[in-house]
Amino acid sequence: MTLATPHQPFARTLLSVALLLTSSLALAGVTDQDILDDAKTPDQVVTNGLGLKGQRYSTLDALNSDNVQQLRPVWALSFGGEKQRGQQAQPLVKDGVMYVTGSYSRVFAVDARTGKKLWQYDARLPDGIMPCCDVINRGVALYDDLVIFGTLDAKLVALNKDTGKVVWRKTVADYKAGYSISAAPLVVKGKLITGVAGGEFGVVGKIEAYNPKNGELLWSRPTVEGHMGYVYKDGKKVENGISGGEAGKTWPGDLWKTGGAAPWLGGYYDADTDTLLIGTGNPSPWNSHLRPGDNLYSSSRLALNPEDGSIKWHFQTTPHDGWDFDGVNELVSFDYQDGGKTVKAAATADRNGFFYVLDRTNGKFIRGFPFVDTLTWAKGLDKEGRPIYDDAKRPGAPGADGKHGSSVFVAPSFLGGKNWMPMAYSQDTGLFYVPSNEWGMDMWNENIAYKKGAAYLGAGFTIKPLNEDYIGVLRAIDPKSGKEVWRYKNYAPLWGGVLATKGNLVFTGNPEGYLMAFDAKSGKKLYEFNTGSGVIGSPITWEMDGEQYVSVLSGWGGAVPLWGGEVAKRIKDLNQGGMLWTFKLPKEAVVAKR
């Protein structure tokens with residue numbers, strides 16, 4: 001037995017205290033400050049978008065354009081079972097644990113060092129769910145000790161981050177009426193923000209805030225003009241103004257009661273202006289001849305007060321939408337210099353084929369330009385950013401005899417010049433990296449009447465590729481000039497998110513199964529790895545134990561194979577899947593670089 005010196009007990013006490021502190025820190029939940037600081041803390045990813053602005057930019061540069069060829073897979077986790085399709089989520093990472101959703105409303109917690117599954121939660125989905133665009137889910141929100149996500153039967157579920165056990169469950173809307181949730185929720189200033197999907201079923205879109213700790217509803221803001229918003233105090237709902245000020249102002253008759261405008265992609269938050277920035281989907285039905293008017297607030301970007309959901313401003317990208325050009329695509333906050341002044345801007349690449357730059361303080365139009373090669377439905381944008389329609393490119397009205405209206409060929413197709421897949425912004429190059437597609441469609445209108453829970457389109461379509469050798473195009477776009485700096489063409493449509501890093505890298509995936517990395521300045525492809533199934537999720541990067549990691553989901557599915565028309569022929573042989581892949585740069589590669 002060795003006798004302790006007088007100093008040893010004190011040293012042991014200090015060590016015990018240090019270990020206790022370290023342990024408590026490792027088990028700490030996600031705070032509001034963690035969420036606000038996410039873009040500046042590369043050892044964690046606790047928001048969808050790698051920061052509340054949604055820039056999807058990482059300050060890490062150990063992995064860079066000089067050594068990315070040495071990036072190697074370190075583990076892969078199968079989601080298992082027969083549910084191998086449509087993996088569109090972005091993973092989150094906190095204290096060495098990764099949280100990610102899979103198709104069919106499943107959640108996984110994974111040891112980020114080894115890939116060992118820690119727990120799994122499977123939502124019990126009813127038989128009658130009606131997702132328009134596959135059984136996908138785009139991710140979780142982390143808050144305190146909770147992992148929170150939305151389900152295909154329009155519920156919010158909060159799980160304990162350590163056990164996966166249900167803490168609370170809340171019904172957001174009636175799935176039998178066509179509602180669902182596929183977006184990752186957003187936590188802002190202690191409020192859990194979610195939207196709903198279901199625009200193809202004549203739902204009434206809404207954005208709502210809940211108490212993330214117990215699921216209590218705090219406010220509700222309908223996104224169709226004419227519906228009352230509410231705040232909830234002491235369990236009672238208090239009227240908070242009609243969206244748009246009055247019913248039916250930009251809608252005919254009672255169509256505002258089934259107007260769609262679902263904010264199905266969720267949104268981001270700009271702390272500089274204390275504003276939620278969320279897009280809305282198509283008006284219902286698709287047949288625009290049934291609903292003359294602008295049909296607010298469909299196909300729009302909304303700026304909301306996070307305290308009570310009141311609308312600060314709106315910008316409608318496609319008034320009186322007749323082509324299913326949802327306005328849900330992400331509005332990304334960024335600053336740039338113009339004449340020595342800082343412009344607080346926000347940018348979005350819309351489904352309609354136009355790229356818009358707005359003043360995010362007031363929603364005013366700064367500039368806009370096509371970002372696709374072929375855009376036929378409009379002749380351009382006016383000085384306010386409103387489209388100048390080519391009336392010959394609007395599908396014709398159906399006849400009283402039941403025959404459908406005249407068919408037109410329009411580009412882009414309703415799946416969009418860009419769809420849900422998020423773009424990235426590099427703070428180094430000042431460029432946006434936009435996953436886009438070149439396709440068009442034959443489209444015609446049909447007579448339709450609303451029936452609860454039934455498809456409410458009033459239109460038919462056939463999607464067609466515009467080029468023999470490619471559909472997908474990854475574009476580097478200068479938001480100040482509108483110029484395309486470089487492009488990468490892909491045979492199949494691009495359907496996955498993009499990540500930019502300080503290491504002069506841009507990551508994305510393709511349906512052919514490859515995770516790819518490009519030189520952010522030149523567009524040269526520097527790296528690719530075949531994951532075995534289509535990559536339609538959003539990649540992330542983070543630092544752990546002094547090494548830089550990259551993770552992405554693999555699993556083909558989503559809207560393209562379901563709605564793709566002639567395009568579906570190009571991807572009919574692609575394998576479905578359900579894998580979570582993680583890569584890292586070995587330490588020796590970093591040392592060799594330095």
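How many salt bridges does the count come to? In this predicted model, the count comes to 33 salt bridges. Before individual pairs are considered, the overall build of the chain provides the setting.

The protein chain contains 5 helices and 40 strands. Its C-alpha atoms occupy a box of roughly 100 × 60 × 55 Å along the principal axes. Of the 594 residues, 61% are buried. When contacts between residues at least 6 apart in sequence are considered, 60% of them join residues at least 24 apart.

The surface and the charges may be taken next. The chain carries 65 positive and 63 negative charges, whose mean positions lie 2 Å apart.

Among the salt bridges is the one in which the side chains of Asp270 and Lys53 meet, with an N to O distance of 2.8 Å. Asp270 belongs to strand S17 (residues 267-270), whereas Lys53 sits in the loop between helix H2 (32-36) and strand S1 (57-58), so the pair ties together parts of the chain that are 217 residues apart in sequence. The surroundings of the two partners can be described in turn. Asp270 has a relative accessible area of 0% and is therefore buried, the cut-off being under 20%. Lys53, at 26%, is partly exposed. Both residues also take part in a network of salt bridges that links Lys53, Asp270, Asp272, Asp335, Lys344 and Arg360.

A further salt bridge joins Asp294 and Arg386, with the closest N and O atoms 2.7 Å apart. This pair links distant parts of the chain: Asp294 lies in the loop between strand S18 (275-279) and strand S19 (300-304), Arg386 lies in the loop between strand S25 (378-381) and strand S26 (387-389), and the two are 92 residues apart. Asp294 is partly exposed, with a relative accessible area of 24%. Arg386 likewise counts as partly exposed, at 34% relative accessibility.

Lys155 and Asp153 form another salt bridge, in which the closest N and O atoms are 3.1 Å apart. Here Asp153 has 5% relative accessibility and so counts as buried.

How values were computed: Residues numbered from 1 in each chain as written. Predicted model: local features only at pLDDT ≥ 70, side-chain atom pairs only at ≥ 80, totals over all residues. Heavy atoms only, no water. Helix = DSSP H or I, 4+ residues; strand = E, 2+ residues; numbered from the N terminus. Buried < 20%, exposed > 50% of the residue type's maximum accessible area, 1.4 Å probe, protein only. Contact = heavy atoms within 4.5 Å. Lys, Arg positive; Asp, Glu negative; His and termini not counted. Charge placed at Lys NZ, Arg CZ, Asp CG, Glu CD. Salt bridge = Lys/Arg side-chain N within 4 Å of Asp/Glu carboxyl O.
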